[in-house]
Amino acid sequence: MKIIESEEESEAPRIETRDCSRYLKCILTDEEKHIIASELVQRMEERKRKEDELKSIQSQFKGELSRLDAEIDAKAGLVRDGYQFRDVTVLETKNFDTESFTLTRIDTGEVIEDRRLTPTEMQRNLPGFQ
């Protein structure tokens, strides 16, 4: 956690920042979509082969088909939606002068949250205590 303060507290802003991680929506790149689409095709082809084998040993492959269906649905959903949620490093900024809290994505610079500090957040740690 970084705390920025000046010797003259009345003039300089009091700002506190720290790197942290949040689970956020990430738009898939064309390359990621291509990789997922390739994986989707592979899974669909694999499913077809498994269906052919199912005719002779149906009970053995029921569990495998269920797993593949789940993977196909998941990959197809990613391709269809074009995004997925991932842990993303973000920067939390507490500005005690303006009583504001800002959450900014490190990867894109996008401000994803901008609000007033809560009364609890306005309480600062005493020096030497965490």
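Start at Cys 26. Leaving out residues up to four places away in sequence, Cys 26 touches Gly 82, Tyr 83, Gln 84, Arg 86, Val 88 and Arg 105. Touching, or contact, means heavy atoms within 4.5 Å.

Some ground rules. This is a predicted model, where local features need pLDDT of at least 70, side-chain atom pairs count only at pLDDT 80 or more, and totals for chains, interfaces and linings use all residues. Residues are numbered from 1 along each chain as its sequence is written, and side-chain values use heavy atoms, with hydrogens and water left out.

Is Cys 26 buried or exposed? Buried, because its relative accessible area is 6%, and the cut-off for buried is under 20% with a 1.4 Å probe, protein chains only. Cys 20 is buried too, at 14%.

Both cysteines sit in the largest nonpolar core. That term means buried Ala, Val, Leu, Ile, Met, Phe, Trp, Tyr and Cys residues joined through side-chain atoms within 4.5 Å. The core has nine residues, including Leu 24, Val 88 and Phe 101. S2 gives the most, three. Strands here are DSSP runs of E, at least two residues; helices are runs of H or I, at least four; numbering starts at the N terminus.

How many disulfides? Zero, counting cysteine sulfur pairs within 2.5 Å.

Now the whole chain. It has two helices and five strands, in the order β-β-α-β-β-β-α from the N terminus. Of its 130 residues, 25% are buried.

Methods. Buried < 20%, exposed > 50% of the residue type's maximum accessible area, 1.4 Å probe, protein only.
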